[in-house]
Each structure stands twice: as structure tokens, then as C-alpha cells.
Amino acid sequence: DWRGFSTGGTKTLFCFGARNAPRVCITEAAIDALSLAALEGARGDTLYASTGGGWAPALAQHIEAITAGRMLVAATDADPQGEVYADRLRNIADHLGCDFVRLRPHAQDWNEELKAQ
């Protein structure tokens with residue numbers, strides 16, 4: 001059963017933008033991170049990242065590492081699974097003592113939002 005990942009491989013974050021940015025936006029898919037950046041004008045104060053649609057303890061640790069001392073923005077999909085991820089991200093922000101913001105697309109996800117424009 002092929003699912004797009006190598007056997008024994010691990011998921012990690014897809015990231016682009018300013019490495020030391022004070023704002024970190026987490027989306028579920030890389031295309032949504034790119035779409036959100038396009039919608040926002042690729043803000044210079046933002047590191048855009050995506051989870052690849054999955055969640056694992058190592059991924060949560062990576063999010064903690066890149067988010068410590070910054071604002072964490074949950075820019076996940078506008079659906080029940082997106083809310084689950086947003087809650088996980090809110091818990092990470094609470095644990096780290098970081099500012100937290102929840103951005104929701106008007107469409108299903110940020111790519112759909114961008115295409116609608």
C-alpha cells in the first residue's frame with residue numbers, strides 16, 4: 001500500500017521564510033503554507049511551515065523547537081481535523097508560554113482561498 005512516504009521514514013516540517021521570524025504560521029499541507037504566504041504577501045516577519053497533514057511526537061518537538069519565544073499561528077484547515085490540529089498547536093503555545101493566534105480560511109483551506117481570489 002503506497003502512501004507517499006518511505007518505509008521507516010519520518011515526517012518533518014516543510015518550512016520557508018525568515019528563520020528567526022517572530023511569527024510562525026503552521027498549516028497542514030505545504031501547498032497551504034505557500035498559498036497563505038501568497039495571500040499575506042510573504043510577510044518578512046513570518047516563518048511558514050506545514051505538517052504534511054500528519055502528526056507525530058517528533059513533529060510536535062520540532063514545532064516546539066522552531067516556535068519557542070515566537071508567536072504561533074495555527075493556520076490549519078477550516079474543518080474538524082483542522083480544529084484538532086489547531087488545538088494541538090494551542091497546547092504547544094500554552095506549554096511554551098507563546099502568543100497564539102488561530103487563522104481560519106473562509107474556504108476549506110488556504111489553497112482553495114487563494115484560487116477563489
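Tutor: Let us begin with a salt bridge, defined here as a side-chain nitrogen of Lys or Arg within 4 Å of a carboxyl oxygen of Asp or Glu. In this structure the side chains of Glu112 and Lys115 meet in such a bridge, at 3.1 Å from N to O. Before we continue, note that this is a predicted model, in which local features need pLDDT of at least 70 and side-chain atom pairs count only at pLDDT 80 or more, while totals for chains, interfaces and linings use all residues. Residues are numbered from 1 along each chain as its sequence is written, and side-chain values use heavy atoms, with hydrogens and water left out.

Student: Is Lys115 buried or exposed?

Tutor: Buried means under 20% relative accessible area, exposed over 50%, and partly exposed in between, with a 1.4 Å probe and protein chains only. Lys115 has 55% relative accessibility and therefore counts as exposed. Glu112, at 35%, counts as partly exposed.

Student: How many salt bridges does the rule give?

Tutor: The count comes to 6. Among them is the bridge of Asp87 with Arg90, at 2.7 Å from N to O. Both residues lie in helix 3, 3 residues apart, which is about one turn of the helix. Asp87 is partly exposed at 38% relative accessibility, and Arg90 is partly exposed at 30%. Another bridge joins Asp45 to Arg43, with the closest N and O atoms 2.8 Å apart. Here Asp45 is partly exposed at 28%, and Arg43 is partly exposed at 34%.

Student: How should I read a pair of aromatic rings?

Tutor: Such a pair is described by the distance of the centres and the angle of the planes. Rings of Phe, Tyr and Trp (its six-membered ring) pair if their centres lie within 6.5 Å; planes under 30 degrees apart count as stacked, over 60 as edge-to-face and the rest as tilted. By this rule there are 2 aromatic pairs. The rings of Phe14 and Phe16 have centres 5.8 Å apart and planes at 55°, so this pair is tilted. The rings of Phe16 and Tyr48 have centres 5.3 Å apart and planes at 20°, so this pair is stacked.

Student: Which parts of the chain does the pair of Phe16 and Tyr48 link?

Tutor: The pair links distant parts: Phe16 is in strand 1 and Tyr48 in strand 3, 32 residues apart. Tyr48 is buried, with a relative accessible area of 1%, whereas Phe16 is partly exposed at 24%. Ring pairs link Phe14, Phe16 and Tyr48 into a cluster.

Student: In what order do the strands of the sheet lie?

Tutor: Two strands pair if DSSP finds at least two bridges between them. The open sheet of 5 strands has the order 1-3-2-4-5, with mixed pairing. Its edge strands, each pairing on one side only, are strand 1 (14-17) and strand 5 (100-102). Strand 4 and strand 5 run parallel and are joined by 3 bridges, and Val73 stands opposite Val101 in strand 5.

Student: Which strands does helix 1 touch?

Tutor: Contact means heavy atoms within 4.5 Å. Axes are lines fitted to C-alpha atoms, for helices over the stretch in contact, and angles run from 0 to 180 degrees between N-to-C directions. Helix 1 (residues 30-40) packs on the sheet and touches strand 1, strand 2 and strand 3, its direction making about 150° with that of strand 3.

Student: What is the make-up of the largest nonpolar core?

Tutor: A nonpolar core is a set of buried Ala, Val, Leu, Ile, Met, Phe, Trp, Tyr and Cys residues joined through side-chain atoms within 4.5 Å. The largest has 17 residues, and those with the most contacts inside it are Ile26, Ile63, Ile66, Leu72, Leu89 and Ile92. A second, separate core of 8 residues includes Cys25, Ala33, Ala37 and Tyr48.

Terms used
Helix = DSSP H or I, 4+ residues; strand = E, 2+ residues; numbered from the N terminus.
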